[in-house]
Amino acid sequence: MIFFLKEPLDNLLDLQREYQRFVQKMAKNNQLTIAEWQLLQRIADGKNSQELLAEDLRLDTSTLSRQLSKLTTKAFVKISKVANQNNIKTRKSYQYHLSEIGQRVLSQMNTDFKEFGQKVFAQWTGEEKNFLKILINRLTQSMRQVTLN
């Protein structure tokens, strides 16, 4: 029997699909999508305005508004109006904060994610994990140097 090894980028695609499947299931178990989890994390990190969130997540405001609306409906996020400090008539400004429920959900999701990582690498030595980090960093830098037409 002849065994053919896949090309590295083919393996990365397979790994990405598998990783996505695991993280989606984890998020679903916590009543979240991956995007909502990332958004909760950013709000917890102090990025509490649409402007800061859109810039950090590289999302357009309509997509971000929909995601924030879903998190508000789930009672994971609270909204507060911010007074316009310049007395200029502009759009209303809002700040977003995690509710107690949102904090619990985020904490549980982060715990689940950490445990997932520990299980994945349970049989790996420290040296193997460090070597993987080096290779991933090198691959990331190489990919950033490639431009597509």
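Let's start with Leu12, which is found in helix α1. This residue is partly exposed, because its relative accessible area of 34% falls between the 20% and 50% cut-offs. Please keep in mind that this is a predicted model.

**A nonpolar patch on the surface**

- Leu12 belongs to a nonpolar surface patch, together with Leu9, Leu15, Leu139 and Met143.
- Together these residues have about 470 Å² of accessible area.
- Two helices, α1 (8-29) and α6 (126-145), each supply at least two residues of the patch.
- Helix α1 gives the largest share of the patch, with three residues.

**Helix α2 and its surroundings**

- Helix α2 covers residues 34-44, and its buried residues are Ile34, Glu36, Trp37, Leu39, Leu40 and Ile43.
- After α2 comes Gly46, which has a positive phi near 100°.

**The largest nonpolar core**

- The largest nonpolar core has 23 residues, and the members that touch the most others are Leu32, Leu39, Leu40, Ile43 and Val77.
- Two or more residues of this core come from each of α1, α2, α3, α4, β2 and α5.
- Helix α2 provides the largest share of the core, five residues.

**Ser49, in the loop between α2 and α3**

- Ser49 sits in the loop that links α2 and α3.
- Ser49 counts as buried because its relative accessibility is 19%, and buried means under 20%.
- A polar atom of the Ser49 side chain lies 3.2 Å from the backbone nitrogen of Leu52.
- Ser49 also touches Tyr94 and Tyr96, again not counting residues up to four places away in sequence.

How values were computed
Residues numbered from 1 in each chain as written. Predicted model: local features only at pLDDT ≥ 70, side-chain atom pairs only at ≥ 80, totals over all residues. Heavy atoms only, no water. Patch = residues over 30% accessible without salt bridge, like charges linked within 9 Å, V, L, I, M, F, W, Y side chains within 5 Å. Areas by Shrake-Rupley, 256 points an atom, 1.4 Å probe, with all protein chains shown as cover. Salt bridge = Lys/Arg side-chain N within 4 Å of Asp/Glu carboxyl O. Helix = DSSP H or I, 4+ residues; strand = E, 2+ residues; numbered from the N terminus. Buried < 20%, exposed > 50% of the residue type's maximum accessible area, 1.4 Å probe, protein only. Core = buried A, V, L, I, M, F, W, Y, C linked by side-chain atoms within 4.5 Å. Polar contact = N/O pair within 3.5 Å; in protein donor to acceptor, adjacent residues only side chain to side chain. Contact = heavy atoms within 4.5 Å.
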